[in-house]
Amino acid sequence: MIAKDIEIKVKGTLLILLIIAILSILPREDRKIQSNECRWSNNMKSEAFDGIIIRKFDDAQNHYMPTLLIDQGQRNVKMVLQNEISGFYSSVQIGDLIRKKPNTLSVEIIRNNWNVIIILDYGCLEE
């Protein structure tokens, strides 16, 4: 009887240790979310824009993401602002000139005799 009790306790302890080991190696949800935020930030950081906003819309073909259509002279390009939280999208208007160089999140907005620089923010804490 005592041996059976010890066997049950050992099996229970091993089961608890196994569960703890599995939980410790699984990716945590907050890490996954953070990596998405940083991925969005890094994707935008690599982009370059220099042109006039000709359309501002929520793209129905892309999960209604806030989107700008920019005339860059030779071609029109989309600037998709997936989960961007700085307020940039609400700050720009059709007709504004925007400039963004690669390797930065700074975007210059030029409107008539007014210009401002906004830093795009995706909530990435690793930067």
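Which residues have the most contacts inside the largest nonpolar core? In this predicted model, that position is held by Met44, Leu68, Met79, Leu81, Phe88, Ile98 and Leu120, within a core of 19 residues. Two or more residues of this core are supplied by each of helix 2, strand 1 (49-59), strand 2 (65-71), strand 3, helix 3 (88-91) and strand 5 (106-111). In soluble globular proteins, nonpolar side chains tend to be buried together.

The protein chain contains 3 helices and 6 strands, arranged from the N terminus in the order α-α-β-β-β-α-β-β-β. Of its 127 residues, 28% are classed as buried. Contacts between residues at least 6 apart in sequence include a share of 48% that join residues at least 24 apart. The accessible surface of the chain amounts to about 9000 Å², and carbon and sulfur atoms account for 57% of that area.

Two of the residues listed for the core, Phe88 and Leu120, illustrate its contacts in detail. When neighbours within four places in sequence are set aside, Phe88 is in contact with Leu68, Met79, Leu81, Ile98, Val107, Ile109, Ile118 and Leu120. Leu120 is located in the segment after strand 6. Leu120 counts as buried because its relative accessible area is 3%, under the 20% cut-off. With neighbours within four places again excluded, the contacts of Leu120 are Met44, Met79, Leu81, Glu84, Ser86, Phe88, Leu105 and Val107. For the pair Leu120 and Val107, which are 13 residues apart along the chain, the C-alpha atoms are separated by 7.3 Å.

In contrast to the buried Leu120, Glu126 is classed as exposed because its relative accessibility is 62%, over the 50% cut-off. The C-alpha atoms of Glu126 and Cys38 are separated by 7.1 Å, although these residues lie 88 residues apart along the chain.

Backbone geometry was examined at two further positions. Most residues other than glycine have a negative phi. Tyr64, which is not a glycine, has a positive phi of about 55 degrees. Tyr64 is placed in the loop between strand 1 and strand 2 and, at 57% relative accessibility, counts as exposed. Asn83 likewise is not a glycine and has a positive phi, of about 60 degrees. Asn83 belongs to the loop between strand 3 and helix 3. With a relative accessible area of 38%, Asn83 is partly exposed.

Technical notes
Residues are numbered from 1 along each chain as its sequence is written. This is a predicted model: local features need pLDDT of at least 70, side-chain atom pairs count only at pLDDT 80 or more; totals for chains, interfaces and linings use all residues. Side-chain values use heavy atoms; hydrogens and water are left out. Helices (H or I, at least four residues) and strands (E, at least two) are DSSP runs, numbered from the N terminus. Buried means under 20% relative accessible area, exposed over 50%, partly exposed in between (1.4 Å probe, protein chains only). Contact means heavy atoms within 4.5 Å. Accessible areas come from the Shrake-Rupley method with a 1.4 Å probe; for residues, only the protein chains shown count as cover. A nonpolar core is a set of buried Ala, Val, Leu, Ile, Met, Phe, Trp, Tyr and Cys residues joined through side-chain atoms within 4.5 Å.
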